[in-house]
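Subject: Structure handover

Hi there,

Here is the structure I promised to pass on.

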Amino acid sequence: MKKILIFYASYGGGHLNAAKSIKECIDTNYTDCETELIDCIKYVNKPIEKITTAAYREMAKKVPWAWGKIYNDSQKGPLAHISSRTNMIFAVKLLKLLKEKKPDIIISTHPFGSQMCSYLKRKGKISSKIATIMTDFSPHDQWLVRP
């Protein structure tokens, strides 16, 4: 039985909806696979997840131009650097989960999960196959960052 972890993050509904669709497709078509959905940000740091998702929701509703600016600024410069460094630190906590679950395949529908897993793979900490499903409307540098 192959174990598949599907990571998402709760910033908007798209990342979770994509993760659910992938899980449903695998569960329907591959009886030799066991799938599990995990909010990777909530797992590695629940307080940060609560604060950042609440901030995202409020900004997206009330000041979408400000969210757009943060989104665009997060591709390069200080925000991108902070995000990458933070994901390297959080990857250590994610490693605990990965050692416990021992997945054969990890699929991420949010760049933070992808960054953490690629960092762990490069360091030789995990041997799982990893895949990223880009769920944004257009390519964004955070999907391509190598922390």
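A salt bridge here is a side-chain nitrogen of Lys or Arg within 4 Å of a carboxyl oxygen of Asp or Glu. Before the findings, two housekeeping points. This is a predicted model, where local features need pLDDT of at least 70 and side-chain atom pairs count only at pLDDT 80 or more, while totals for chains, interfaces and linings use all residues. Residues are numbered from 1 along each chain as its sequence is written, and side-chain values use heavy atoms, with hydrogens and water left out.

**Salt bridges**

By that rule the count comes to two. Lys-23 pairs with Asp-27, with the closest N and O atoms 2.7 Å apart. These two residues are four apart in helix H1 (residues 14-29), which means that about one helical turn separates them. Helices (H or I, at least four residues) and strands (E, at least two) are DSSP runs, numbered from the N terminus. Lys-23 is partly exposed at 22% relative accessible area, and Asp-27 is partly exposed at 35%. For these labels, buried means under 20% relative accessible area, exposed over 50% and partly exposed in between, with a 1.4 Å probe and protein chains only.

The other salt bridge joins Glu-36 and Lys-101, at 3.1 Å from N to O. This pair links distant parts of the chain, with Glu-36 in strand E2 (residues 33-39) and Lys-101 in helix H5 (residues 78-101), 65 residues apart. Glu-36 is partly exposed at 29%, and so is Lys-101 at 23%.

**Overall picture**

The protein has six helices and four strands, in the order β-α-β-α-α-α-α-β-α-β along the sequence. Of its 147 residues, 39% count as buried. Among contacts (heavy atoms within 4.5 Å) between residues at least 6 apart in sequence, 74% join residues at least 24 apart.

**Helix H3**

H3 covers residues 46-62, and its 17 residues should span 24 Å at 1.5 Å a residue; the end C-alpha atoms are 24 Å apart, which agrees. The expected span is 1.5 Å times one less than the number of residues. Glu-49, Thr-53, Tyr-56 and Met-59 are buried in H3. They cover an arc of only 135 degrees around the axis, so they sit on the same side of H3; the arc is that of the directions from the helix axis to the C-beta atoms. On the other side of H3, Pro-47, Lys-50, Ile-51, Lys-61 and Lys-62 are exposed.

At the start of H3, a side-chain oxygen of Asn-45 comes to within 3.1 Å of the backbone nitrogen of Ile-48. A polar contact is a pair of N or O atoms within 3.5 Å; within protein, one must be able to donate a hydrogen and the other to accept it, and residues adjacent in sequence count only if both atoms are side-chain atoms.

**Two loop residues**

Lys-102 is in the loop between H5 and strand E3 (105-108). Its phi is near 50 degrees, a positive value in a residue other than glycine. Most residues other than glycine have a negative phi. Lys-102 counts as exposed, at 58% relative accessibility.

Ser-128 lies in the loop between helix H6 (111-122) and strand E4 (129-132), and is buried at 7% relative accessible area. A polar atom of the Ser-128 side chain lies 2.7 Å from the backbone oxygen of Pro-103. Leaving aside residues up to four places away in sequence, Ser-128 touches Pro-103, Asp-104, Ile-106 and Lys-121.
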